[in-house]
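Please view the sequence and the model first.

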Amino acid sequence: MRAVEVAAVEVSTEHFIGGERVASAETFVDLSPLDAEPIAEVARGGEREAELAVAAATEAFQVWATLGPEGRAAYLHRLADLIDANVDRLAAVECVDMAMLLRSLRARVISRGARNFRAYANLAVAHEERVWESNGTRNRVIRMPSGPAVVITPWNAPFMLSTWKTAPALAAGSTVVLKPAEWSPLSCSLLCDLVAEAGFPPGVFNVVQGIGEEVGAALTRHPGVRRISFTGSPETAVHIGTAAARNVVPFTGELGGKGPLLVFSDCDLEAAARKAAGQYDDAGQVCLAGTRLIVEQAIEDEFLELFHGFTDEHVLGDPREDATTVSPLIHPEHLARVEGFVERARASGDEIVRGGRRREDVGPLFYDPTLVVPRTNDSEIVQREVFGPVLTFQTFADEDEAVALANSTRYGLSGIVYTGSDERAARVGRAVRAGTVWVNTFLVRDLTAPFGGIGISGIGREGGDYALDFYSDLKTLQILDGTTA
Ligand code: NAD
């Protein structure tokens, strides 16, 4: 097996297909964001590997689908226990490969992977079929496992996001081919080792490494695939949705965001300003981030003073250090993209009120926490996701204007509202057009709630029973009363 040592952990750089490690003739280079230096040469899959993986998943489906929710849950619980037992190794590798803060990875992000498997195992077991009488018949809704699913994930939080999508698929009886992003492929390779250790039947869970336009595209157009679940950018979703449509395959897309963070004068202003400065955590590479600060005019100065104070406390640095709060960006190409947004904003007359420059003094991939006051709401920096440590600042006169600004982009993934009024919380919470709106808090999640986006932020819903339904073919069984069946 070809492998590399990362953070004193041996990580396979090969695919995992049919329970075996599989090499490819070609490889791609994986860089560490810590120093922008290569850490691994990873197998670069193509048509052949997509074919092998879907064949393995198709064969394994015959067994996996018949185990029933209880039978499958036993495997998922074993995998969850193994994730918990390996948090430190997984976190260490993810930190070097993706540069999320090590303390967050250790404290909550990796163990969320274990929670994902447990939650879906329990939900699938607890599911009760809906049964009712009508028109002299008994109706029953049955979930049938849908078949092999392709799961394609982005480079931010790759372990957590891959488990979030894989867990409901496996719990519902689908088998999985996962294609992690090419900028952070390593933690998903470790997940394969844990799947093998948990004793899953070969082919139930497969990972194919490689480039999106190559093996990703090959997987999404494969006629043997029955579901496609994607997390990534709206631009890529168009390609994946097109491939899914050609085979008439259901697909979900959890896509980009440009969340508003609304601050009303009746709120706990210090909490709101602290949370606003917290949007720079993980260098702003968070789809759910509230990147558009939209603040009531009456408290503009007071808010900005607090916000700048909290932002000054940020420490850019090595994500393995406890003091660090802002990590480097994932890749030189991404840094150039983020920088491009800010430079175009500057050139078009938007005002850069803080940051707006690389921080090579800290490391090759750092960018300063940046705040932009746009010239107009139509500015590109307001209307497009940057996915970096770049926030915009706008003000509003009244609630109607606040909601209008919040809803003025094509995105609709998430929103954050700070207010001290219960009535306003209810009104604005409903009026903001987004899949998730948090009031006076952020990133708190219940795994049974629906999750997804509106507009170009997504299609379909995952989370809880919504995800289990997605990975199932729902059948209505209707039996004439008096039939003994
Ligand atoms: P991306 O769309 O560039 O890539 C995502 C995945 O798709 C990668 O694995 C990539 O290899 C693959 N891919 C690319 N082209 C493909 C093709 N033609 N066919 C099949 N697969 C292909 O996104 P990214 O840059 O990796 O991630 C950042 C984006 O993800 C941001 O927009 C962010 O907001 C979004 N995101 C959304 C959520 C959410 O839950 N809504 C969570 C995290 C990230």
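## Domains and ligand shell

The model is predicted. The contact draws on 25 residues from domain 1 and 29 residues from domain 2.

How much area do domain 1 and domain 2 bury between them? The value is about 2400 Å². Carbon and sulfur atoms carry 65% of it.

Now the ligand. Its shell takes at least three residues from each of domain 1 and domain 2. In total, 30 residues surround the ligand. The closest are Lys179, Glu182, Ser233, Thr236 and Glu385. By class, the shell holds 14 nonpolar, 11 polar and five charged residues.

| Residue | Protein atom | Ligand atom | Distance |
|---|---|---|---|
| Tryptophan 155 | polar side-chain atom | oxygen | 2.9 Å |
| Glycine 212 | backbone N or O atom | oxygen | 3.2 Å |
| Threonine 236 | polar side-chain atom | oxygen | 2.7 Å |

How much of the ligand's accessible area does the protein cover? On its own, the ligand has 850 Å² of accessible area, and the protein covers 90% of it.

Which elements give two or more residues to the shell? They are α7 (212-220), β12 (227-231) and α8 (234-246). Of these, α7 gives the most, with four residues. Glycine 212, which places a backbone N or O atom 3.2 Å from a ligand oxygen atom, is in the range of α7 (212-220). Threonine 236, with a polar side-chain atom 2.7 Å from a ligand oxygen atom, falls within α8 (234-246). Thr236 is also listed with the closest residues of the shell.

Conventions
Residues numbered from 1 in each chain as written. Predicted model: local features only at pLDDT ≥ 70, side-chain atom pairs only at ≥ 80, totals over all residues. Heavy atoms only, no water. Near = heavy atom within 4 Å. Polar contact = N/O pair within 3.5 Å; in protein donor to acceptor, adjacent residues only side chain to side chain. Areas by Shrake-Rupley, 256 points an atom, 1.4 Å probe, with all protein chains shown as cover. Nonpolar A, V, L, I, M, F, W, Y, C, P; charged D, E, K, R; others polar. Domains from an automatic or database assignment. Contact = heavy atoms within 4.5 Å. Buried area = accessible area lost by both parts, 1.4 Å probe.
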